[in-house]
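User: I would like a close look at a single part of this model, taken slowly and with its surroundings included.

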Amino acid sequence: MSFLTDALEGLAGLPQPAVLAVTGALTLAECTLGVGFLAPGESALLLASTTVTSVPRFLVMWLVVSVCAIAGDSIGYHLGRRFGDRLRDSRLVRKVGRQHWDKAAELLRTRGAWAVFAARFMPVVRTLVPASAGASGMEYRRFLPASIAGAVCWSALHIGIGSAAGASAKYIESVFNGAMWVLLAIAVVIGAVVVLRRRRQAADTRELEEVA
């Protein structure tokens, strides 16, 4: 498992501003209408979060990712306000699936601004909800607070998961490496016992043959 720790240490060794810039850009793209299916924002965030080894790093990444997520939502919202339900017939939405657009619209009709917050944690639908909210005529002053709350909670959750995963990988490898020595010692003992037993059996067999 050393390759995993080596990879994580290599990532952690990259300049932190570069990691933040790439993570923020991918998060912005992931949260913008449809682009989330082309840009691995969530996966990139989890991977980048393995570099978070202190509270200051957590807070900086949390701020950057939250701002980029909110900005991506706002871009999607204003695209929805600009083009309305015509977006449903766009090539991008057709590629994603109109059923997801319809599901986003239904959530907004039944849950209102709460749908903006809840959709942040729903795959596929979350990238369409901001545009659908704009197309539905939801006021931006209602949309923005829900977007902020969702982005802040979503980013904190994923950064926490990524950071914990990175720490766990290193811990597991240290335990695994220690366990390897124990297993090796056990294997040596078992091998010695087997060899001695076979030699004893061979000796007993020769004695029986000589007696016969």
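How many residues does helix α2 have, and what does it reach from its first C-alpha to its last? Please go on from there to what α2 meets.

Analyst: In this predicted model, helix α2 covers residues 16-31, which gives 16 residues, and reaches 22 Å from its first C-alpha to its last, close to the 22 Å expected at 1.5 Å a residue. The residues of α2 that are buried are Gln16, Val19, Leu20, Thr23, Gly24, Thr27, Ala29, Glu30 and Cys31.

Its partner here is helix α4, residues 55-83, whose axis comes within 7 Å of the axis of α2, the two crossing at roughly 30°. Because angles under 35 degrees count as roughly parallel, α2 is described as roughly parallel to α4. The crossing of the two helices is right-handed.

On the α2 side, the contact is made by Gln16, Val19, Leu20, Thr23, Gly24, Thr27, Leu28 and Cys31, while α4 contributes Arg57, Val60, Met61, Val64, Val65, Cys68, Ala69, Ala71, Gly72, Asp73 and Ile75.

Leu28, which lies in α2, deserves a separate word. Its relative accessibility is 29%, and therefore Leu28 counts as partly exposed. Leaving aside residues up to four places away in sequence, Leu28 touches Cys68, Ala71, Gly72 and Ile75. Leu28 and Ile70, although 42 residues apart in sequence, are 8.0 Å apart in space, C-alpha to C-alpha.

Notes: Residues numbered from 1 in each chain as written. Predicted model: local features only at pLDDT ≥ 70, side-chain atom pairs only at ≥ 80, totals over all residues. Heavy atoms only, no water. Helix = DSSP H or I, 4+ residues; strand = E, 2+ residues; numbered from the N terminus. Expected span 1.5 Å × (residues − 1). Buried < 20%, exposed > 50% of the residue type's maximum accessible area, 1.4 Å probe, protein only. Axes fitted to C-alpha atoms, helices over the stretch in contact; angles between N-to-C directions. Parallel < 35°, antiparallel > 145°, perpendicular 65-115°, else oblique. Left-handed = near helix turned anticlockwise from the far one by under 90°. Contact = heavy atoms within 4.5 Å.
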